[in-house]
Amino acid sequence: MSFRVLEPSKKPATSQARSINTPQNKQHENMSELEIRKAVKERYAKIALSSDSSCCAGEDCGDVNLATSSVTVPVEASAVNAGCGSPLLLINPREGDVVLDLGSGGGIDIFRASQLVGTSGKAIGVDATPEMIWRARETKSTYGDKYANTEFRLGEIEYLPIESNAVDYVISNCVINLSPDKLAVFRESFRVLKEDGVFAVADVTLQKEIPDAARKDMDSWSACIAGALTDSEYERLLTSAGFQDIKIDHVSDSNIGEYPFSYFSSHIKARKPSANSLRAP
Ligand SMILES: C[S@@+](CC[C@H](N)C(=O)[O-])C[C@H]1O[C@@H](n2cnc3c(N)ncnc32)[C@H](O)[C@@H]1O
């Protein structure tokens with residue numbers, strides 16, 4: 001499979017709402033999917049260019065500083081932090097591991113993961129917003145070789161520009177709720193993980209299904225609310241993609257804020273089974 005990966009070598013002038021790595025037929029099939037991608041990219045392009053640290057889903061980013069380790073975060077990445085939890089707290093990456101971050105934004109979790117996997121490992125971020133990719137690469141270049149084991153690839157998480165069976169951990173921080181095709185995200189995560197690889201993400205989940213009209217509010221979708229799944233739907237789709245040992249924990253209290261329904265900041269973990277464990281006894 002070949003990927004059309006667009007590489008912004010200099011600061012993008014404006015937000016670009018085009019779809020990358022998306023098959024043409026799918027783009028024409030579903031206009032509302034295009035609208036969602038456009039609204040999402042516009043919002044995060046603005047954040048990338050303005051240094052406006054704006055948590056997805058409310059005031060509390062749920063960001064934890066990995067206090068027990070010596071991991072540090074570049075201030076430039078903190079400035080555009082837009083997560084809602086700490087996926088790295090769910091896993092224990094070792095020297096040499098490969099960590100993939102879906103929707104890496106300004107790179108906050110990638111710069112952390114980089115220090116955990118060491119020089120023989122790799123931390124790869126994929127993001128669909130050219131301005132975010134530019135921002136993360138700028139930060140990387142500020143620190144010389146310190147983050148040499150990181151890479152930021154422009155692409156969509158429904159069509160990952162990553163080889164199959166190549167990564168030990170798929171992480172993500174407040175991104176999957178933004179996708180108009182979550183099953184594709186889970187299938188792609190499953191494809192790129194090695195056997196026994198771990199999917200560990202922070203995301204917004206809903207207490208119960210919300211009305212269709214609320215789903216169509218693009219502002220609320222791009223603010224990480226209207227596209228969120230309920231826990232049971234999250235579990236159903238992960239199972240359908242092939243994942244096992246699925247666990248969902250709420251890390252914030254139910255939050256209502258300006259929305260007429262409750263949602264949580266959640267940590268979700270699942271495992272890609274090994275071929276052996278799938279074989280009949
Ligand atoms: C809420 S921000 C989170 C950024 C980062 N994970 C963090 O914790 O700061 C969402 C990010 O996901 C990216 N994104 C949203 N939908 C995407 C998609 N379908 N494919 C790739 N990236 C996407 C956006 O461009 C944005 O950078």
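Predicted model: local features only at pLDDT ≥ 70, side-chain atom pairs only at ≥ 80, totals over all residues.
Around the ligand lie 25 residues, and the closest are Gly-83, Gly-103, Gly-105, Thr-129 and Asn-173. Colour this shell by class: 12 of its residues are nonpolar, 9 are polar and 4 are charged. Next, select residues 31–50, which form helix 2, and residues 108–117, which form helix 4. Each of these two helices contributes at least two residues to the shell around the ligand.

Remain with helix 4. Of its 10 residues, 9 are buried, and the helix is therefore mostly covered; a residue counts as buried if 20 or more other C-beta atoms lie within 10 Å of its own. Then select Gly-118, which follows helix 4 and has a positive phi, near 70°.

Select helix 6 (residues 182–192) and helix 9 (residues 231–241), whose axes come within 9 Å and cross at roughly 45°. This angle makes helix 6 oblique to helix 9. The crossing of helix 6 past helix 9 is right-handed. Show the side chains of Lys-182, Leu-183, Phe-186, Arg-187 and Phe-190 on helix 6, and those of Leu-237, Leu-238, Ser-240 and Ala-241 on helix 9; these residues make the contact. By class, the contact of helix 6 with helix 9 comprises 6 nonpolar, 1 polar and 2 charged residues.

Methods
Residues numbered from 1 in each chain as written. Near = placed C-beta within 6 Å. Helix = DSSP H or I, 4+ residues; strand = E, 2+ residues; numbered from the N terminus. Nonpolar A, V, L, I, M, F, W, Y, C, P; charged D, E, K, R; others polar. Axes fitted to C-alpha atoms, helices over the stretch in contact; angles between N-to-C directions. Parallel < 35°, antiparallel > 145°, perpendicular 65-115°, else oblique. Left-handed = near helix turned anticlockwise from the far one by under 90°. Contact = placed C-beta atoms within 7 Å. Buried ≥ 20, exposed ≤ 12 C-beta atoms within 10 Å, placed from the backbone.
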